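Student: Could you take me through a close look at how the packed helices sit against one another here?

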Amino acid sequence: GLLSITESGTFIEAIPTTEGYLKALKLKSEGFGDLIDLILYSTALTKGLRFLTRDKKLIKFIEDSGEDVTVFLSEEELP
């Protein structure tokens with residue numbers, strides 16, 4: 001995984017925004033315990049990026065919360 005990120009050149013660094021931090025904190029207060037995953041999700045959302053994750057609990061939580069799940073990228077979508 002990490003090797004493909006560093007060698008592919010298709011990934012970019014994404015610095016979280018204030019809006020992203022606030023959204024992550026809001027979602028955490030709604031019941032999801034992993035703040036780091038929520039920051040990653042909200043950063044992708046606020047920056048218009050895709051987020052690759054295998055965390056099905058995160059995806060389900062976001063979906064059940066009525067949030068945007070289109071930011072999630074599945075492994076099948078990778079080249």
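Tutor: Let's start with α3 and α4, which are oblique to each other (angles under 35 degrees count as roughly parallel, over 145 as roughly antiparallel, 65 to 115 as roughly perpendicular and the rest as oblique). This is a predicted model, where local features need pLDDT of at least 70, side-chain atom pairs count only at pLDDT 80 or more, and totals for chains, interfaces and linings use all residues. Residues are numbered from 1 along each chain as its sequence is written, and side-chain values use heavy atoms, with hydrogens and water left out.

Helix α4 spans residues 56-64, and α3 packs on α4 at about 60 degrees with the axes 11 Å apart. Axes are lines fitted to C-alpha atoms, for helices over the stretch in contact, and angles run from 0 to 180 degrees between N-to-C directions. Asp37, Leu38 and Tyr41 of α3 meet Leu58, Phe61 and Ile62 of α4, contact meaning heavy atoms within 4.5 Å. By class, that contact has five nonpolar residues, no polar ones and one charged (Ala, Val, Leu, Ile, Met, Phe, Trp, Tyr, Cys and Pro count as nonpolar, Asp, Glu, Lys and Arg as charged, and the others, Gly among them, as polar).

Now for the other partner of α3: helix α2 (residues 18-29) packs with α3 (residues 35-47) at about 135 degrees, their axes 8 Å apart. This pair is therefore oblique as well. On the α2 side the contact includes Tyr21, Leu25 and Lys28, and on the α3 side Leu38, Tyr41 and Leu45 are among the residues involved. The α2 contact with α3 comprises nine nonpolar, three polar and three charged residues.

Technical notes: Helix = DSSP H or I, 4+ residues; strand = E, 2+ residues; numbered from the N terminus.
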